[in-house]
Amino acid sequence: MRRNASDNKYLHKDFHISMNILLNYIYENFGGNNLIQYLRNFTKAYHKPLHERMKKGNLKVLEEYLNRIYEKEEWPVTIKCTDNFLEMEQKSCPGISYMRSKGVIPCPLYRETYNTVYNTLCKETPFEYVLVFFDEETGSCKKLFQRKEIIY
């Protein structure tokens with residue numbers, strides 16, 4: 001019998017715990033401002049291809065990205081997308097839910113994995129990001145990406 005890694009189901013649940021360890025390390029040793037700067041730098045490097053595509057003004061590329069991520073997570077989210085806005089809601093965060101199930105407390109600045117990452121992703125694009133709400137306990141949240149010239 002022959003198997004490839006690609007034959008296996010995508011699972012990375014312990015990634016959330018290891019990421020949280022990194023976030024706590026930076027936060028505890030270098031402070032919140034440096035943690036936020038780390039997330040900015042990470043976003044600029046890791047999400048560069050997505051950022052470049054978003055600069056062209058197409059939110060559908062972000063919708064496709066988010067759908068792929070949450071499909072891999074097997075996590076229910078609601079995404080509404082038009083040419084001018086993308087709204088996403090989740091009843092809880094897969095990372096926070098998994099960590100709490102293992103007795104791990106999320107980093108005090110865990111919300112910045114949404115807020116800083118997506119604000120940085122939108123820099124120099126036609127879009128802006130608003131974290132409408134975020135529940136620290138569950139990660140339940142509503143995210144809004146909107147075209148900058150659109151006022152609601």
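Let's begin with helix H1, which covers residues 13-30: its 18 residues reach 26 Å from the first C-alpha to the last, close to the 26 Å expected at 1.5 Å a residue. Keep in mind as you look around that this is a predicted model.

Which residues of H1 are buried? They are His16, Ile17, Met19, Asn20, Leu23, Asn24 and Ile26. Their cover includes four other helices: H2 (32-46), H4 (60-73), H5 (94-101) and H6 (112-122).

The axes of H1 and H5 come within 9 Å and cross at roughly 85 degrees. Angles of 65 to 115 degrees count as roughly perpendicular, so that is how H1 and H5 stand to each other. On the H1 side, the contact is made by Lys13, Asp14, His16, Ile17 and Asn20, and H5 brings Pro94, Gly95, Tyr98 and Met99.

Now turn to the strands. Four of them form an open sheet in the order E1-E2-E4-E3, with antiparallel pairing. E1 (78-81) and E3 (127-134) are the edge strands, each pairing on one side only. From one strand to the next, the twist averages 10 degrees. Inside the sheet, E2 (residues 85-90) and E4 (residues 141-147) pair over six bridges, and Glu89 stands opposite Lys142 in E4.

Two helices bring us back to where we started. H4 packs on the sheet and touches E1, E2 and E4, its direction making about 15 degrees with that of E2. H6 lies across E2, E3 and E4, running at about 165 degrees to E3.

Key
Residues numbered from 1 in each chain as written. Predicted model: local features only at pLDDT ≥ 70, side-chain atom pairs only at ≥ 80, totals over all residues. Heavy atoms only, no water. Expected span 1.5 Å × (residues − 1). Buried < 20%, exposed > 50% of the residue type's maximum accessible area, 1.4 Å probe, protein only. Contact = heavy atoms within 4.5 Å. Axes fitted to C-alpha atoms, helices over the stretch in contact; angles between N-to-C directions. Parallel < 35°, antiparallel > 145°, perpendicular 65-115°, else oblique. Pairing = 2+ DSSP bridges.
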